[in-house]
Amino acid sequence: MSSECGKLYVVATPIGNLADMSFRAVETLKQVDLIAAEDTRHVKMLLQHYGISNKLISLHQHNEDKASVGLLEKLREGLSIALVSDAGTPLLSDPGMPLVKLVREAGVDVVPIPGACALIAALSAAGLPVTQFSFAGFSPRTSSARVAFFSERLLCPTTWVFYESSHRILASLQDMAKVLPLDRQIVIARELTKLHETIVKSSLADMLQLVEQDANMRRGEFVVLVDGAAIDKQQQDITPEQQKILSILLTECSIKTAVALAVEITGVRKKLLYQAALAMEKA
Ligand code: SAM
């Protein structure tokens, strides 16, 4: 693309503590021609704090497809644009994906200006394995969808992480306890970088009790991290999680098919699963 085009800067902003803004982020927001913001009133407070006055344009989940086309035009005219969300890194459970995709596909440069992100901050302090992890965004809003969401992740062998709101944190843990073993390790990272920052690691059972009993544990913003399932292919017995999978499969298929599928899903030896399936059928 011609050098006359502007650049799109994807700028991370703080997730609570205003001091978490990088020098480069401040410089970028000062120098660009235009800032595309999820909520222009919200970003004005940040800009004021850093003595930045710049033109703002709104880009949120309800207008981003249309607004992105207009912003690409401006980049083609040679304007440089910064994209910011209300908090943290744009695109991470925030608007911006359609814009970045469109701009990249048009061959215009997209430049990340890294900084705060609740997901990464939580992972860095949780003490759960991080070599591999998966991020699931926000958990679903309804109980039945959440049960399905947790069931899909029951046997995930790596750490998995989701965002949760104060309205649903308790219900979410209650649904998790319907599906996951109660001794599974959980970390709640709450109000990161803020005055009441709390990072707690415990079993699911203890976490549920804590959140039920302590109203403060239901306030603020949350990242929930879940330890991966231990999968031992040499095991002599099948775990409660694996039994649950087998029993679900048995309600839908014949013993032969249920066992074959359970072998695929769990990696447990066929003989063990077959014996367990026979016992379940008998019971
Ligand atoms: N783009 C942001 C990021 O980089 O983390 C996340 C935006 S998403 C709309 C907002 C959610 O992120 C909150 O509901 C909460 O789950 C999580 N979050 C944001 N700030 C947080 C904080 N300070 N402490 C804990 N969780 C936070």
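The legends below describe close-up views of helices in a predicted model.

**View 1. Helix α11, residues 270–282.** The end C-alpha atoms of α11 are 18 Å apart, which agrees with the 18 Å that its 13 residues should span at 1.5 Å a residue. Leu272, Leu273, Ala276 and Ala277 are the buried residues shown in α11. They lie on the same side of α11, because the arc they cover around the axis is only 130°. Lys270, Lys271 and Lys282 are exposed on the other side of α11.

**View 2. The cover over the buried residues of α11.** This cover includes α9, residues 240–252, and α10, residues 255–266. The axes of α9 and α10 are 9 Å apart, and the two helices pack at an angle of about 145°. The crossing in which α9 passes α10 is right-handed.

**View 3. Contact of α9 with α10.** From α9, the residues in contact are Gln242, Ile245, Leu246, Leu249 and Leu250. They meet Ile255, Ala258, Val259, Leu261, Ala262, Ile265 and Thr266 of α10. By class, the residues of this contact comprise 10 nonpolar and two polar, with no charged residue.

**View 4. Helix α1, residues 23–31.** Ala25, Val26, Thr28 and Leu29 are buried in α1. Their arc around the axis is only 165°, so they sit on the same side of α1. Phe23 and Gln31, on the other side of α1, are exposed.

**View 5. Packing partners of the buried residues of α1.** These residues pack against the strands β1 (8–11), β2 (34–37), β4 (81–84) and β5 (110–113). They also pack against helix α2 (40–49).

Notes: Residues are numbered from 1 along each chain as its sequence is written. This is a predicted model: local features need pLDDT of at least 70, side-chain atom pairs count only at pLDDT 80 or more; totals for chains, interfaces and linings use all residues. Side-chain values use heavy atoms; hydrogens and water are left out. Helices (H or I, at least four residues) and strands (E, at least two) are DSSP runs, numbered from the N terminus. The expected span of a helix is 1.5 Å times one less than its number of residues. Buried means under 20% relative accessible area, exposed over 50%, partly exposed in between (1.4 Å probe, protein chains only). The arc is that of the directions from the helix axis to the C-beta atoms. Contact means heavy atoms within 4.5 Å. Axes are lines fitted to C-alpha atoms, for helices over the stretch in contact, and angles run from 0 to 180 degrees between N-to-C directions. A crossing is left-handed if the near helix is turned anticlockwise from the far one by less than a right angle, and right-handed if clockwise. Ala, Val, Leu, Ile, Met, Phe, Trp, Tyr, Cys and Pro count as nonpolar, Asp, Glu, Lys and Arg as charged, and the others, Gly among them, as polar.
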